[in-house]
Amino acid sequence: MTAKLKLEVGCAEVREGSSGGRTTTHLRDLGLGRLSLGFLTLGSLTLGACSGELASTAEPAGSGTISDGTTPVAGVPTPDGVPAVPGVPTSGTGLPPATPGVTPAGGSGPVEGEVVVGPDGTVSCTATSASKTTLRRLTINEYANAVQALLGVEIDETLLAADTTTGPFATNRATGVSLPAAQGYQGAAESVAEAALGRLDQLVSCDGGDRNAECAMDFIQDFAHLAYRRALSADETAELDAAYRAGEDEQGFAYGLRGVIEHVLQSPFFLYQVERSEPVAGLTGVERLTGVSTAEKLASFLWESIPDRTLLDAAEQGELATPAGVRLQAERMLNEPLAAEAFVSFFGQWFGVEEIELAQKDPNLFPGFDRELAGAMRQETESFVRWMFESNNFTLRELFTSNKAFPGEALADFYGVDEAAPGDPVDLDSSRRYGMVTHPSVMATHSHATKTSIVGRGAFIREKLLCQPLPDPPADVDTSLPERDETQSAREQLAAHREQAACFGCHSLIDDLGFAFENFDAVGAYRTTDNGMPIDTSGELSGTTTAGAFSGADELIEQVITSQEGVDCAVAQWMRFAQRRMETPSDACSRAIVSQAFEAANFDFRALILATVESDSFRYRDPTPLTSLEQL
Amino acid sequence: MSKITATSKRAPSNRAIMSKRTGLLTRRNLLGGGAAAAALAPFVPVLSADAQSADAPKRILFYVFHNGTIMDEYWPTGMGRDFELKRILAPLEPFKERMTIVGGVDMDPAPGGAHTGQGMLLTNTEPNSGRIGQGISVDQYLAAEIGQESAFPSLHVGNHSHRTGELWLRRANDPFPAENSPYRTFDRVFADFSAGGDTSALESLRARRQSVIDRVSTDLDRFRGALGSVDQELVDRHLTSVRELERALEASTAVTCAPPDLQGGVDTGDTSTMPEISVLNNQLMQAIFSCDMTRVVGMPVTRPVANVVFRWTGSTEGHHNMSHESPSTDEPLTEIGSWLSGEIADLLARFEATPEGGGSMLDNTLLVFLNPLSNGDNHSKRDLPITMVGGQWHFDTGRYVRYQNEPHGKFLVSLCQAMGVDTDTFGEADTSRGPLTGLAL
């Protein structure tokens, strides 16, 4: 691991650099010190016209200007007075939460914490990472899982309007419900209610003869309590009771329930998540999320669902007010099968695998590629994620270097291996498989119909794996390449990018990274020649702490995952998914702590997940009212 | 006690894959059984009183494609009333006297970046960094102005378009998604009055829906009360949509026409079914206008940067990819453009074949065929390809008109005025002091 924040007692090595026109100071090797992190916003800078050297947009989470070397470092607890990094002792342990919170500058700015590095190398914060948030709705996956949990019904997801995304992830944050979306909720609720009536025996506790209003209300109270993540009010109970009775009068017990289920599934109390918080003694400017809001976030992150009875009970009994309480529930939740499915979804969205089903390939060039094969490719990647999670190989290194394939039956011919049971790993030659990036699902998605997309793959590495966003091509620049003749390699054709200044700025950052994957054709199959010509996969990575030449995909991936930018990006993507929002400057301090826990655990994702749910950023919020959506 | 435990045990499955393959007829959802689908009659126009009158409602339909076109094969030869269609528009030849082809109109100032045209095309505002327009789009503006007398203020029916919507906006950053499945469109538009002979099931459904809408509205009011002002604004949008649901429900009781009989079984998740979906959408649109379900329509074909392979026109590579490989791809791109004009011609022919007042439905319809880019190679937003068909109550048709660098905002003003909405600007006022001169009668 190079260039990761080293937090040992020793001399500080400070490197001056330029970032987006602003001078920042990157901390490389730090002893006692204190870092002001207020300006750090990962991935928020754009590269403009990509002129000059790449500005690192993935600011190291634990770096920043040294603001004040004289501040004492020991004894700065998190608001709950517990070690900032789980499992790593700090000298602040046990101190009362007497350290004042940070009052936002000007009263309404973001709360900007400072990272404090203790003499034993642990990291803590002087302030509580807490951001302003806004309303969001359940995503399609969350809705589907919730309906499954509540009623045991599988929905046709195409009934619901598409999710809106934040970064690569479906979040449905800060969007209204358009008429088509409201029609979607109506249609989904009606369809779910109809299916639920078909399995009433599994849902209500009374048999045919005893099916009366009392039994119905038992069901309704439990159902709505879980659906709304709170008990019904007296008014609501009376309304649902009346609604049930009206339906029962008309067409009996089941029909009474039908209208109630349709209503609850369209109620904002089911569809929306609001982050609510309460003041904590000794803290100003930030508040701790309520138990229910914390539970909702845990369920979204770890299950893509809503809280179950156990989690809701823990929330209602105040057990989620401490990191330890949150951790206890998170560990339980990680043992449920839904956790693996949530992470299948996470990696699928991060790597764009879900697009594979839209991919079209030229049937003359790739006669075997159809939707069935595309589906098998997607399932392979899903199997890989489940296998990583369940076999405790759930690490950054495994994700990016594993040579495991999951051919099942459908991909055996594709790989030229024997058929395997679904979900069973098969080792490929390590020259042909270097982690999830080289899965056919990812390589085929980042390709055209007749050929690979060198630019698309390079941009994928930059934007998704290094969190370095690239701008659109400038307007009015002719982006067509000269026609490739039979004697030209793809690399020679792309050389045109180097001949125009308007192209070269960005493409010098993109094209080399795409060349690295030229051994994988447009459907992700391994090849050693392209159009009869040998393939040159070498290039140079710039703009990272591991900048330098590489000979092919394996070396490039190694550079990505050992770079500061690659590690920070992985942490950022996890935290975006966890919180269903982009990071804010206030998150930097928590991010630094999560990063350190991740590194301390040899980049094990489970450690990252637990550190995330324990972090202030996950559990606190800035209660300052928003005045416009643009403030986010 | 109930038996809900809510530790979900949804089995790991390829659910998303499956569901995309099952986006078929779902009328059963609405009518509590399989009876409805069988009961659907072939479409026989049973026109509403309004549609039969001499002053039938005027309608506007935005047909939008992406990634630019091949200009050499798009613009006609000749000028004014003496022009000849070239290959891309040739399938519209039967409607030549109803056409107005408008050249020399630019996005002005052109939005920065390559794939930004769709955010500006219908809003005449500079899109934000997420490529979303910063004001209401002209279809939604017209929906508010002229769409209030029909069941739906507007309907957006896509063909593998962007389901989150990039063209259509209620206001800045508030997209209005299109529905890509004709079957779903059918359900949403016609289900409220398509119970076949089973009127009691229909009445029961309507009553239940009304009651659920009432209670959801009460919940939205309650929920709203405990929120900050920004979140309240989001809930207000939801409330508006629920009121529109209610209005559609109420309007449906007054409709007396029969729904179209759609061929079932088309896989709406597979881009290779675009031709089949196109036919279904065209059928639907004729019926939707016949029943006066809406007067403002968006028909987006694919989405910006979409890489659909139009195999049925002879293409082997994706559309967006080819749009950057001119001139070697000019031939397949021309074929695609021509195919699309043929689909539009099919739609127009259905309108023309539908009697309305003393003439045809087409006499009361304005179809606007647009693309946010002219030349895909350089993402040009100058000399936008604009073709109108119909709108003869307002436009002097049967012409190829060419301007010199007029801002496209003026064209949007022309459209508003054609629909009887009196405005002099649209979006950015400075670039839309319109209308375009010389277009109207």
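Which hand does the crossing of H11(A) and H20(A) have? Keep that in mind as you open the structure, which is a predicted model.

**Stop 1: two helices in chain A**

Start by selecting residues 337-350 of chain A, which form helix H11, and residues 564-579 of chain A, which form helix H20. Their axes lie 11 Å apart, and the packing angle is about 120°. H11(A) and H20(A) are therefore oblique to each other. As for the opening question, the crossing of H11(A) and H20(A) is right-handed.

Now show the side chains where these helices touch. On H11(A), pick out Ala342(A), Phe343(A), Phe346(A), Phe347(A), Gln349(A) and Trp350(A). Facing them from H20(A) are contact residues Ala570(A), Gln573(A), Trp574(A) and Phe577(A). If you colour the contact of H11(A) with H20(A) by class, you will find eight nonpolar residues, two polar ones and no charged ones.

**Stop 2: a loop in chain A**

Next, select Ala174(A). You will find Ala174(A) in the loop between strand E10 (169-170) and helix H2 (179-197) of chain A. Check the backbone here: phi of Ala174(A) is near 60°, a positive value in a residue other than glycine.

**Stop 3: chain B as a whole**

Chain B contains 14 helices and eleven strands. It has 441 residues, of which 63% count as buried. The chain exposes about 14,800 Å², with carbon and sulfur atoms supplying 50% of that area. Among contacts in chain B with a separation of 6 or more, 71% come from residues 24 or more positions apart.

**Stop 4: a helix pair in chain B**

Select residues 274-290 of chain B for helix H11, then residues 330-352 of chain B for helix H13. The two axes come within 9 Å and cross at roughly 30°. That angle makes H11(B) roughly parallel to H13(B). H11(B) passes H13(B) in a right-handed crossing.

Which residues of H11(B) and H13(B) make the contact? From H11(B), display Pro275(B), Ser278(B), Val279(B), Asn282(B), Gln283(B), Met285(B), Gln286(B) and Phe289(B). By class, the contact of H11(B) with H13(B) has seven nonpolar, four polar and three charged residues.

**Stop 5: cis peptide bonds in chain B**

Two prolines are worth a visit. Go to Pro109(B), in the loop between strand E4 (99-106) and helix H6 (117-121) of chain B. The peptide bond leading from Asp108(B) to Pro109(B) is cis, with omega near -5°.

Then move to Pro327(B), which sits in the loop between helix H12 (319-323) and H13 of chain B. The bond from Ser326(B) to Pro327(B) is also a cis peptide, with omega near 0°.

**Stop 6**

Select Asn173(B), in the loop between strand E5 (155-156) and helix H8 (182-190) of chain B. Phi of Asn173(B) is near 60°, a positive value in a residue other than glycine. Is Asn173(B) buried or partly exposed? Its relative accessibility is 28%, so Asn173(B) counts as partly exposed.

Finish at Ala429(B), in the segment after helix H14 (408-418) of chain B. Ala429(B) counts as partly exposed because its relative accessibility is 28%. To end the tour, draw a distance from Ala429(B) to Ser328(B): the C-alpha atoms are 40 Å apart, and the two residues are 101 residues apart in sequence.

Terms used:
Residues numbered from 1 in each chain as written. Chains lettered and ligands numbered in written order. Predicted model: local features only at pLDDT ≥ 70, side-chain atom pairs only at ≥ 80, totals over all residues. Heavy atoms only, no water. Axes fitted to C-alpha atoms, helices over the stretch in contact; angles between N-to-C directions. Helix = DSSP H or I, 4+ residues; strand = E, 2+ residues; numbered from the N terminus. Parallel < 35°, antiparallel > 145°, perpendicular 65-115°, else oblique. Left-handed = near helix turned anticlockwise from the far one by under 90°. Contact = heavy atoms within 4.5 Å. Nonpolar A, V, L, I, M, F, W, Y, C, P; charged D, E, K, R; others polar. Buried < 20%, exposed > 50% of the residue type's maximum accessible area, 1.4 Å probe, protein only. Areas by Shrake-Rupley, 256 points an atom, 1.4 Å probe, with all protein chains shown as cover.
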